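Student: I would like to go through the labels used for a structure and ask what stands behind each one.

Tutor: Then look at the structure, and ask about one label at a time.

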Amino acid sequence: MSAKDKDCGHHHDHYQQFLRRLAAVLLALTIIVGIVIFIIWAVLRPSKPHFILQDVTVFSLNASTSPNLLSLSMQVTISSRNPNDRIGVYYLQMDVYGAYRGQQVTLPTLLPSTYQGHRDIVVWSPFLSGDAVPVAPDVAVSLQQDKNIGAVLFNVKMDGQVKWKVGTWISGRYHLNVNCPAFIKFGNADHHAIALGSAMKFQIVQSCHVEV
């Protein structure tokens, strides 16, 4: 082997050692950054946003049993409060829809992506509607019975994703599920109902169940 070949081999060994050291340094930095983020996350411990269903305005509500169809048009007002002092919240791909007895009865309404700062409150007022939605026979019968009694329990549901923001760091996406019961009393039974032309606005102010 010539001196030139030995020299090339020596440089190759040094280059391999450099790459190994560089990889070790990068791995150590990654671990350190991960530990720092975990410690910050553990110390801050983000709390779930608090959702409240403020009101529901019903424009139309009809059910038929032959065939079993349900038509519903309403507007809801939902507020969210961020209880965290140092953590912001990004709301992404948030769908809102109405459900009755476990069955979705309106089309989902997509809310605009929203950022919520520390201790901030965000309010949405989406329209929800479903025209001649096929439902199970017992669902149509139950709705007619509830209307005759004068009280209907709907559920306003939200399904989407959130990201947490701590300083300049933003977390990955987490699934968010919100369930708001809306107990509506028709006729003269509800003193919190306001007539708006042919529509009825019901003041609900009901806390929602939140899962993240």
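Student: Why is S171 called buried?

Tutor: Buried means under 20% relative accessible area, exposed over 50%, and partly exposed in between, with a 1.4 Å probe and protein chains only. S171 has 5% relative accessibility, so S171 counts as buried. S171 lies in the loop between strand 10 (169-170) and strand 11 (174-185). Helices (H or I, at least four residues) and strands (E, at least two) are DSSP runs, numbered from the N terminus.

Student: Where do these values come from?

Tutor: This is a predicted model, in which local features need pLDDT of at least 70 and side-chain atom pairs count only at pLDDT 80 or more, while totals for chains, interfaces and linings use all residues. Residues are numbered from 1 along each chain as its sequence is written, and side-chain values use heavy atoms, with hydrogens and water left out.

Student: Which residues is S171 in contact with, leaving aside its neighbours within four places in sequence?

Tutor: They are K163 and W164. Contact means heavy atoms within 4.5 Å.

Student: Why is Y15 called partly exposed?

Tutor: The relative accessible area of Y15 is 49%, so Y15 is partly exposed. Y15 sits in helix 1 (residues 3-44).

Student: What makes strand 9 and strand 11 a pair?

Tutor: Two strands pair if DSSP finds at least two bridges between them. Strand 9 and strand 11 are joined by twelve bridges and run antiparallel.

Student: How many bridges join strand 9 to strand 10?

Tutor: Two bridges join these antiparallel strands. V166 stands opposite W169 in strand 10. Strand 9 and strand 10 form a hairpin with two residues between them, and G167 in the turn has a positive phi of about 65°.

Student: What makes a set of residues a nonpolar core?

Tutor: A nonpolar core is a set of buried Ala, Val, Leu, Ile, Met, Phe, Trp, Tyr and Cys residues joined through side-chain atoms within 4.5 Å. The largest one here has 42 residues, and F51, L53, V56, F154, V156 and M158 touch the most other members. Strand 9 gives the largest share of this core, seven residues.

Student: Which residue of strand 13 stands opposite V56?

Tutor: The residue is F202. Strand 1 (residues 50-65) and strand 13 (residues 199-207) pair in the antiparallel sense over six bridges.
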